[in-house]
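Here are my notes on this model. Please read them beside the coordinates.

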Amino acid sequence: MNTAKINERGPLDDRAVIGFYHVELAYQDQTALKDVSFTVANGEFLCLTGPSGAGKSSVLRLIAMDAFATRGQVIVRGMLSTKMSRRKIPQLRREIGFVFQDFRLLDDRSVEDNVTFAQLVVGVKNSEIKRNVMRVLTQVGLWDKRHRLPRQLSGGEQQRVAIARAMVNSPKILLADEPTGNLDPVTAQEIVDLLFRINDGGTCVLFSTHDHEIVKTFGERVIVIRDGRIESDIERRNVVDRSARLTDKMYRAEAGTKNDKTLSKKELWHA
Amino acid sequence: MLRGTQVAYLVRESFAGFKRRKLTTGVTILIMGSALMVLAVLTLATLNLGNVLETARASIDLRVFLQDDLDPSQQAALQPRLLEIPGVERVSYISADMALQEFRAVLGEDAEILDLLDSNPLPASFHLALEDGARNLDSVRAIRTEVGVWPEVAEIIFNQGWVDALERWTVRFQVASLVVGLIVFFAAVFVISNTVKLTIAASARVIQVQKLVGATNSFIRIPFLCEGMIQGFLAGVLAMGLVAAAGKILGPRMTGVVFFSPLQIGGFVLFCVVLGMTGSWTAMRKYLTLRSEM
């Protein structure tokens, strides 16, 4: 399928880092996604929500090219999945960070080694590895606990290690698949705040969750998926003040507050 | 192109598998080493049988018995004619008297029985030694056909029976060795492939994370291939060690048995390394193709 046809099929956004155009994904006799179209702009924070089994993870799998659309096109960072050779997938993955509900840390390695591992695999220089690992572990507040094993950390801390690992290669996109699923509400909010901070740094974040309480607090774009179809795609700007929430982790932020942080996000969207 | 940090990581990971799974790896090397020992013994037997066959071929000769009524000049005229035949290297004359002496020596204490005879019943003969290239059944048969029609010749005999049998059994043994060798080969690949599968299962999370952060399949594969190769190498050394030990113990009772040359030992161990790598490759190929990372 050439670019002209893609343009005919759906709006091609020149700011898009991710584009889904009439995508269908079928697993044997079961259709996971039906006619899904949306684009995600560079630096955007997108929340994907819907009940379990609605197709949220399938969307993320398609972006990671862990699955391939049975119909339609998926374009990630300018690369069309159906035309992409399997050899090129690792290159793409280096531009994407992954965070999962179950953390997926290496249990027999320390916090530092877990993060270093991601750099070793892609062949970063030794001197840079040390600097990068220190940077991300400081950002997630775990530099002091770098010698601990994952089992010596709380759930929230383990998720922060996973986020540090996802961010150490400076990805352009961060895919977070139910990252708060195993966490209590307070810790969950801390993780969401951390993802906001990452997004403020310019990384596009796709946050998948079925938790309504978390979704309610978002002042961002929310796509609701149900039975493999997009039910709604709403930009809810300024519903919640992101900065206020960052300072008040117990959900005391007032809805409707407009501030500079939100504006800078808006500026980023239109950049 | 791999960076220094990646090479260091891969080397570390290749040996880390041994440390993490000492028992599994040890058992694998033991099983594989035993299977390869069978292969080594078969190979050694085939090599030795080949040597025996070569020696037997080297001893192929012909005995041309002459008619009784030939006078000495007729007998002497045959020698140059026999020497002209292609493939014949040397022709020695054995007179009837010399043949009787030989026979007497063979009979030993029972030689007295020959004294009862009125005359020497043994004919004069020529012993034909053959050139290297002619020491095979086809050449011998051709010479026999040619000389057999000469009126001066009564009979031609050669040690055909046992050479024939030896050649036949050698071929059978080689076929059997090949079949058993193939079975051992696939068994060894299966054993090592399963061990690597266990290793892969134990390293599933590591592989998953590697794929998620953008490691290529070949990068992921390298430590497992190295592990398979090291296992193959150790199993090969073990097999050779066991065969050598058995040779030491049985040595005095197995005179004439030739052991592998250093080059052959090197070749066998290299073969085992390839075997280990094949086993790992088989296990990895399926895993890396089918597995989803998310």
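1. Helix H7 of chain A buries A:Ala188, A:Gln189, A:Glu190, A:Ile191, A:Val192, A:Leu194, A:Leu195, A:Phe196, A:Ile198 and A:Asn199. Buried means 20 or more other C-beta atoms within 10 Å of the residue's own, with C-beta atoms placed from the backbone. Helices are DSSP runs of H or I with at least four residues, strands runs of E with at least two, numbered from the N terminus.

2. H7(A) covers residues 185-200, and its end C-alpha atoms lie 22 Å apart. Just after H7(A), A:Gly202 has a positive phi of about 105°.

3. This is a predicted model; local features need pLDDT of at least 70, side-chain atom pairs count only at 80 or more, and totals for chains, interfaces and linings use all residues. Residues are numbered from 1 along each chain as its sequence is written, while chains are lettered from A and ligands numbered from 1 in the order written.

4. Strand S6 of chain A (residues 96-100) has five of its five residues buried. A:Ile96, A:Phe98 and A:Phe100 point one way, A:Gly97 and A:Val99 the other. Five bridges join S6(A) to the parallel strand S7(A), residues 173-177; pairing takes at least two DSSP bridges. A:Val99 stands opposite A:Ala176.

5. The contact takes 19 residues from chain B and 22 residues from chain A, counting C-beta atoms, placed from the backbone, within 7 Å. On the chain B side, H7(B) gives the largest share, six residues.

6. The predictor gives the complex an ipTM of 0.76 and a pTM of 0.68.

How values were computed. Two residues are in contact if their C-beta atoms, placed from the backbone, lie within 7 Å. The expected span of a helix is 1.5 Å times one less than its number of residues. A residue is buried if 20 or more other C-beta atoms lie within 10 Å of its own, exposed if 12 or fewer, and partly exposed in between; C-beta atoms are placed from the backbone.
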